[in-house]
Amino acid sequence: MEKRKLGSFVTFIPGINPTRAENQIEMKNIIYYDQAAFESDFNYENKVNEEKTTGMINKGIALEAGDVVISNSLQMATIVGEGNAGKVPSLNFTKVEFRSNALDKQFFVYLFNVYSGVKRQKEKGLQGNGAILRIPIKELTQIVIPVVPIEQQKKIGSSYNKTLRIKSKLNKYTELMEQFAYSVLEENLKEKRQDE
């Protein structure tokens, strides 16, 4: 199996520093892509259709639905949903710009988040001090990935995407079941107090 560096498929664009951007006249009234936006995209709360994620990414600074973004603190990637389109990635995020259709976006997200070979390379590339370590962009471009035919990439990426969707739905059902169980327990306590 062929292996190549991520830098031969994508360009990593760092998010902007909000304090510096607000000092520039043309950068007023920006809505930033933040951790809550990342989590809503990662948990499929406002996902874009799979078909829309296969094209080339616009080279603008604002995110579009279907763009891939990396959370620098979590070292996880997701695809931007329609609800977060138009937001600008802050310093805590890195936009992934695909230079060709040789690497499927969902396959990239799978490799970046789950694939053991990439996880090991990410761990080795972590830098910084304190609680939050980050991978510099230079290190990201050096991550070596397996290259398989695009049809196989799409199958793997789609399977990973479907798994995440199911997991997200199961998490929502678990929360609903917990809320229901807690309300039943609380009602039991109220009934016991009234009986006394």
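Visitor: Which residue takes a positive phi in the hairpin of β4 and β5?
Guide: Gln 75, with phi near 55 degrees, in a hairpin with four residues between the strands. Strands here are DSSP E runs of at least two residues, and helices are H or I runs of at least four, numbered from the N terminus. It's a predicted model, so local features need pLDDT of at least 70, side-chain atom pairs count only at pLDDT 80 or more, and totals for chains, interfaces and linings use all residues. Residues are numbered from 1 along each chain as its sequence is written, and side-chain values use heavy atoms, leaving out hydrogens and water.

Visitor: How many bridges pair β4 with β5?
Guide: Four, in the antiparallel sense; pairing takes at least two DSSP bridges. Val 68 sits opposite Ile 79 of β5.

Visitor: And what about β7, how many bridges join β4 to that strand?
Guide: Four again, also antiparallel. There, Ile 70 has Thr 94 as its bridge partner.

Visitor: New topic: where is Tyr 173?
Guide: In helix α6. Tyr 173 is partly exposed, at 49% relative accessible area.

Visitor: And Glu 175, which helix is that in?
Guide: Also α6, residues 150-195. Glu 175 is partly exposed too, at 47%.

How values were computed. Buried means under 20% relative accessible area, exposed over 50%, partly exposed in between (1.4 Å probe, protein chains only).
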